[in-house]
Amino acid sequence: MAQYLVTMDIESADPLLPIDELVRVVRKSILPSLEALRNLQARGKLVTGGYPIGDRFMVFVVEADSEEQLWEMLEDVPLSGMAKTKVRLLQGFDAL
């Protein structure tokens, strides 16, 4: 099973947004996305991840049979529709 490094840049969660708009983004996208990522982790698909303190992006490693399967999993993460998402295939150290 391949591992992919995924970054999601949460561009729309600008802290300078009006408070009601920021609250809407947190409630409708960020919190449900965290729940979806916890579910992927519970299923053994999300290996590890988190967010650098003070930044507006998340980083995580996902195991999937293919990049297509990975994108299907990411469709269930509400932030995937509003965040700038980058995916990179990881090569294990033993392959070097």
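One term before we start: a residue counts as exposed when its relative accessible area is over 50%, as buried when it is under 20%, and as partly exposed in between. Keep in mind that this is a predicted model.

Let me begin with Glu75. Its relative accessible area is 63%, so Glu75 is exposed. Glu75 sits in the loop that runs between helix 2 (67-74) and strand 4 (84-90). Together with Glu68, Glu72 and Asp76, Glu75 forms a negative surface patch.

Now to the salt bridges. How many does a search of the whole structure find? The search finds two.

In one of them, the side chains of Glu21 and Arg24 meet at 2.7 Å, N to O. Both residues belong to helix 1 (residues 19-42), and because they are three residues apart, about one helical turn separates them. As for accessibility, Glu21 has a relative accessible area of 29%, so it is partly exposed. Arg24, at 39%, also counts as partly exposed.

Then there is the salt bridge between the side chains of Glu35 and Arg38, at 3.0 Å, N to O. Where do Glu35 and Arg38 lie? They are in helix 1, three residues apart, which means a separation of about one helical turn. Glu35 has 38% relative accessibility and counts as partly exposed. For Arg38 the relative accessible area is 46%, so Arg38 is partly exposed.

To recap: there is a negative patch formed by Glu68, Glu72, Glu75 and Asp76, and there are two salt bridges in the whole structure.

Terms used:
Residues numbered from 1 in each chain as written. Predicted model: local features only at pLDDT ≥ 70, side-chain atom pairs only at ≥ 80, totals over all residues. Heavy atoms only, no water. Patch = residues over 30% accessible without salt bridge, like charges linked within 9 Å, V, L, I, M, F, W, Y side chains within 5 Å. Areas by Shrake-Rupley, 256 points an atom, 1.4 Å probe, with all protein chains shown as cover. Salt bridge = Lys/Arg side-chain N within 4 Å of Asp/Glu carboxyl O. Lys, Arg positive; Asp, Glu negative; His and termini not counted. Charge placed at Lys NZ, Arg CZ, Asp CG, Glu CD. Helix = DSSP H or I, 4+ residues; strand = E, 2+ residues; numbered from the N terminus. Buried < 20%, exposed > 50% of the residue type's maximum accessible area, 1.4 Å probe, protein only.
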